[in-house]
Amino acid sequence: LMVDPDQTSDHTHITMLDWRGLNWNYLMPLCNEMSNAVKNDDQFFVKFICAYKTNNEIQATQIAEGWAQKSPTNSMTLVAQALIKYKMGDFEKARVSLDVAAQQGASDKLFYQVAIKVCSRLKDTKCLRQYQDKVSSFA
């Protein structure tokens, strides 16, 4: 999830298996318990991912904004905002959030994965190459 929250949705599932136990809506009570067990930025990240994965864009946006107010220097808050803007189809605003995150020193895998998605949707090949080169160096 720290690398690409959408990755768990990008593959097919065996239809004969009961996947309810892995459904994010089913896991929400667990997410709430986990977020209460961790502190600071991790708490916001857990809450954000759970809201994001249950397709609750409004709640995910509110969590990301609240997180940014509590931790204004944490670039991950901007990455979270970019991710939700990307999911809502607002690629230009997602890129602005990513640009500010980059200025704040964002350099984790999630940042690069979101940047690659946004650059791809904007059809910005220079941007895409720049971030793909960074991701390939993680391997």
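The structure, which is a predicted model, holds one cavity of 30 Å³ or more, where a cavity is a set of points on a 1 Å grid over the protein atoms alone at which a 1.4 Å probe fits but cannot get out. The largest cavity has a volume of about 40 Å³, a volume being the space filled by probe spheres set on the points, which are joined across faces, edges and corners. Residues are numbered from 1 along each chain as its sequence is written, and side-chain values use heavy atoms, with hydrogens and water left out. Because the model is predicted, local features need pLDDT of at least 70 and side-chain atom pairs count only at pLDDT 80 or more, while totals for chains, interfaces and linings use all residues.

**Cavity lining and overall build**

- The largest cavity is lined by Arg 95, Leu 98, Asp 99, Ala 115, Val 118, Cys 119, Cys 127 and Tyr 131, lining residues being those with an atom within 4 Å of a point.
- Helices α5, α6 and α7 each supply at least two residues of that lining.
- The protein has seven helices and zero strands, these being DSSP runs numbered from the N terminus (helices H or I, at least four residues; strands E, at least two).
- Of the 139 residues of the protein, 38% count as buried, which means under 20% relative accessible area with a 1.4 Å probe and protein chains only, whereas exposed means over 50% and partly exposed lies in between.

**Nonpolar core**

- The largest nonpolar core has 34 residues, of which Phe 48, Val 79, Leu 98, Phe 111, Val 114 and Tyr 131 touch the most other members; such a core is a set of buried Ala, Val, Leu, Ile, Met, Phe, Trp, Tyr and Cys residues joined through side-chain atoms within 4.5 Å.
- Helices α2 (40-53), α3 (57-70), α4 (75-87), α5 (91-103), α6 and α7 each supply at least two residues of this core.
- Leaving aside neighbours within four places in sequence, Phe 111 is in contact (heavy atoms within 4.5 Å) with Val 79, Leu 98, Ala 101, Ala 102, Ala 106 and Tyr 131.

**Aromatic rings**

- There are seven aromatic pairs, counted where rings of Phe, Tyr and Trp (its six-membered ring) have centres within 6.5 Å, with planes under 30 degrees apart called stacked, over 60 edge-to-face and the rest tilted.
- Tyr 86 and Phe 91 form a tilted pair, 5.6 Å centre to centre with 55 degrees between the planes; Tyr 86 counts as buried at 17% relative accessibility, and Phe 91 is buried at 18%.
- Phe 111 and Tyr 131 form an edge-to-face pair, 5.6 Å centre to centre with 90 degrees between the planes, and this pair links distant parts of the chain, with Phe 111 in helix α6 (residues 109-121) and Tyr 131 in helix α7 (residues 125-136), 20 residues apart.
- Phe 44, Phe 45 and Trp 67 form one aromatic cluster.

- Gln 81, found in helix α4, is buried with a relative accessible area of 15%, and its contacts beyond four places in sequence are Ala 64, Glu 65, Ala 68 and Ser 97.
- Ser 71 lies in the loop between α3 and α4 and is buried with a relative accessible area of 15%; beyond four places in sequence, Ser 71 is in contact with Asp 41 and Thr 77.

Terms used:
On a 1 Å grid over the protein atoms alone, a cavity is a set of points where a 1.4 Å probe fits but cannot get out, and a pocket is an open set with protein on both sides within 12 Å along at least five of seven lines; lining residues have an atom within 4 Å of a point.
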